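Welcome! Let us take a friendly walk through this structure, one step at a time.

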Amino acid sequence: AGELLMSSDRLLKPAFRREEEWLAEQCSQVGSPYKGPSAFEDKKETEKRRKRLRYAIDKLKDPAAHAAKLADRRSERECKRCS
């Protein structure tokens with residue numbers, strides 16, 4: 001029960017709530033579904049979930065820039081393999 005209490009306390013912190021509200025707002029602007037935090041997720045899971053949300057937001061906000069970024073990463077990886 002101590003772990004549950006600790007993680008749910010984190011959900012009430014202003015900085016945590018501000019970040020979640022910002023992500024929810026961004027998701028609604030681009031039409032992406034927002035998945036809120038679970039009372040059972042730890043910090044690592046929160047980071048992963050937020051990273052997935054930011055990725056989806058970036059992709060929907062500016063598809064061309066997102067595609068270019070992926071292409072850059074791909075070409076960097078291929079260059080590393082060649083050398």
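The side chains of Arg-49 and Glu-20 come together in a salt bridge, with N and O 2.9 Å apart; the term stands for a side-chain nitrogen of Lys or Arg within 4 Å of a carboxyl oxygen of Asp or Glu. This pair joins distant parts of the chain, since Arg-49 sits in helix α3 and Glu-20 in helix α2, 29 residues apart. Helices here are DSSP runs (H or I, at least four residues), numbered from the N terminus. As background, side chains of opposite charge can pair when their charged atoms come close.

Before going on, please keep in mind that this is a predicted model, in which local features need pLDDT of at least 70 and side-chain atom pairs count only at pLDDT 80 or more, while totals for chains, interfaces and linings use all residues. Residues are numbered from 1 along each chain as its sequence is written, and side-chain values use heavy atoms, leaving out hydrogens and water.

Now look again at Glu-20, which also forms a salt bridge with Arg-50, where the closest N and O atoms are 2.7 Å apart. Glu-20 belongs to helix α2 and Arg-50 to helix α3, so this pair ties together parts 30 residues apart in sequence.

Are these residues buried or exposed? Glu-20 counts as buried because its relative accessibility is 6%; buried means under 20% relative accessible area, exposed over 50%, and partly exposed in between (1.4 Å probe, protein chains only). Arg-50, at 13% relative accessibility, is buried, and Arg-49 is buried at 2%.

Arg-49 has another partner: its side chain meets that of Glu-41 in a salt bridge (3.1 Å, N to O). Glu-41 is buried too, with a relative accessible area of 6%. Through shared partners, salt bridges join Glu-20, Glu-41, Arg-49 and Arg-50 into one network. The count of salt bridges comes to four.

Let us step back to the helices themselves. The axes of α2 (residues 14-30) and α3 (residues 43-61) come within 9 Å and cross at roughly 30°; axes are lines fitted to C-alpha atoms over the stretch in contact, and angles run from 0 to 180 degrees between N-to-C directions. The two helices are therefore roughly parallel to each other, a label for angles under 35 degrees.

Which residues of α2 and α3 make the contact? Among them are Phe-16, Leu-23 and Val-30 of α2, and Leu-53, Ile-57 and Leu-60 of α3, where contact means heavy atoms within 4.5 Å.

Key:
Parallel < 35°, antiparallel > 145°, perpendicular 65-115°, else oblique.
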